[in-house]
Amino acid sequence: MRQQLLSEGASELSYEIREIVKKAEQIKKLGKEIFWENIGDPIQKHHALPDWVRQIVADLSMQNDSYSYCPSKGILETRAFLANQTNSLNGVRITAEDICLFNGLGDAIAKVYQYITPTSRVIGPSPAYSTHSSAEAAHASHEPLTYKLDPDNKWYPDLDDLYNKVKYNPNIVGILIINPDNPTGMVYPLETLQRIVALAREFKLFLICDEIYINITYNGARAYALAEVIEDVPGISMKGISKELPWPGARCGWMEYYNRGKDEDFNRFCQALDNAKMIEVCSTKLPQLAIPKILGDPRFKTYREATNQKIGKRSKIIADILHTVPQLTFNETFGAFYNTIIFRKGILKPIQKMKIDHPGIRSLVEGWVLEDMPLDKRFVYYLLGAKGVCVVPISSFCSELHGFRVTLLEEDEDTLVKTFTAIRDGIVEYLAS
Ligand SMILES: Cc1ncc(COP(=O)(O)O)c(C=O)c1O
């Protein structure tokens with residue numbers, strides 16, 4: 001090429017949650033059954049939407065109007081409905097104009113970092129959900145800036161670490177919070193959120209809060225929304241229907257801008273995000289039409305509560321199976337549908353193995369494990385080859401810790417127990433080898 005074609009930031013783009021699938025598919029081809037614990041797609045894990053939900057979508061699909069473009073920021077009635085939901089929390093107040101719909105929250109995440117000055121940074125949690133950390137790092141052409149989530153303190157943010165990093169890095173303009181969190185499944189206490197808001201106020205930062213799991217809590221937990229705690233600080237809440245409806249294939253998510261009027265720089269940033277959507281014309285329309293009809297239906301609350309209860313039950317089953325393994329740091333989860341399980345420091349070694357009977361699979365796995373690879377990735381490859389369980393190494397979530405992420409989505413209880421017993425047996429064998 002006449003000039004360098006690829007931007008420096010492109011090397012920051014990776015998504016192990018799907019990369020691992022390529023490896024699992026190779027093993028599957030050799031005849032091994034795979035238990036997919038890598039991706040947070042409830043539908044792929046056989047969650048069935050209620051008939052009334054599907055009927056609403058079916059009816060909409062029969063209306064000719066559903067097939068046209070819609071306004072760039074999204075259908076007005078839908079934005080008004082969503083603004084109303086947020087206002088009913090009795091915190092920050094917004095109007096339909098403060099909401100912009102995107103093609104899935106992934107699209108919104110890609111855009112939110114793209115229009116920040118390259119030298120200005122948003123600090124995010126570690127372990128990190130890689131869609132955020134990759135997009136933020138790509139915008140800066142630099143590795144992600146992170147604050148620690150502490151596995152020895154229920155995975156809550158290490159607020160001293162966050163404070164110091166913000167204080168001593170003047171390039172930081174924003175803080176990302178994911179609540180409830182992916183990949184840890186943790187729900188943050190009110191006080192933690194209030195302290196982050198105070199920090200943002202002190203250093204004149206804005207907040208991004210990914211709340212795609214805000215309505216997925218269980219076993220007594222309650223998630224506080226950014227709208228409830230943000231007061232006068234500028235911020236963006238990111239929400240969507242991929243997880244809570246759940247309809248991940250709809251590709252529909254949105255941003256809610258809070259306190260635009262409080263800071264002109266922030267206001268212009270929000271305007272740029274709206275403009276970015278405008279040059280694309282608009283986002284997918286049919287799910288937008290469905291949102292008020294489904295989320296506004298009195299049956300939705302009951303359905304969501306029942307679904308959350310099932311996730312909560314799975315959380316307990318997984319805890320029963322794994323929390324007794326002494327070499328692990330295990331935290332019971334209270335929100336979203338993941339758990340991140342950590343190997344205690346120094347436990348993993350580059351010589352450990354699991355028995356793989358099938359010679360073809362064994363030679364595949366032995367070919368994948370490289371000397372200098374993160375030790376949790378090595379474990380994950382052996383678990384895949386030996387037990388057919390596909391999890392994601394936590395070193396792929398911008399973390400120095402070694403562990404793996406699982407989902408809480410298996411609908412069939414026998415399969416759930418079988419999968420997590422296989423994980424436990426695999427760990428015990430691997431560590432003893
Ligand atoms: C925290 C978080 N944010 C955003 C997304 C992306 O959601 P969407 O399907 O709306 O692109 C996910 C998907 O797993 C997620 O876990």
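The legends below describe close-up views of a predicted model.

Residues are numbered from 1 along each chain as its sequence is written, and side-chain values use heavy atoms, with hydrogens and water left out. Because the model is predicted, local features need pLDDT of at least 70 and side-chain atom pairs count only at pLDDT 80 or more, while totals for chains, interfaces and linings use all residues.

**View 1. Residues around the ligand.** The ligand has 14 residues around it, and L105, D210, Y213, S242 and R251 come nearest; a residue is near a molecule if one of its heavy atoms lies within 4 Å of it. Helix α4 (residues 104–114) supplies the largest share of this shell, four residues. Helices (H or I, at least four residues) and strands (E, at least two) are DSSP runs, numbered from the N terminus. The shell divides into seven nonpolar, four polar and three charged residues, where Ala, Val, Leu, Ile, Met, Phe, Trp, Tyr, Cys and Pro count as nonpolar, Asp, Glu, Lys and Arg as charged, and the others, Gly among them, as polar.

View 2. Oxygen atoms of the ligand lie 2.6 Å from a backbone N or O atom of L105 and 3.3 Å from a polar side-chain atom of Y129. A side-chain N or O atom of D210 is 2.6 Å from a nitrogen atom of the ligand. The ligand on its own has 400 Å² of accessible area, of which the protein covers 93% (Shrake-Rupley method, 1.4 Å probe).

**View 3. Helix α11 and its start.** Helix α11 (residues 298–322) has 25 residues and spans 37 Å from first to last C-alpha, close to the expected 36 Å; the expected span is 1.5 Å times one less than the number of residues. At the start of α11, a side-chain oxygen of D297 comes within 2.7 Å of the backbone nitrogen of R299.

**View 4. The open sheet of four strands.** The strand order is β10-β11-β14-β13, with antiparallel pairing; two strands pair if DSSP finds at least two bridges between them. At the edges are β10 (328–329) and β13 (392–393), each pairing on one side only. Two bridges join β13 to the antiparallel strand β14 (residues 403–407), and P393 stands opposite F404 in β14.

**View 5. Strands β3, β4 and β5.** Strand β3 (residues 121–126) runs parallel to β4 (residues 146–150), joined by three bridges, with S126 opposite K148 in β4. Two bridges link β4 to the antiparallel strand β5 (residues 156–157), where P157 stands opposite L149. The hairpin of β4 and β5 has five residues between the strands, and K154 there takes a positive phi near 55°.

Notes: A polar contact is a pair of N or O atoms within 3.5 Å; within protein, one must be able to donate a hydrogen and the other to accept it, and residues adjacent in sequence count only if both atoms are side-chain atoms.
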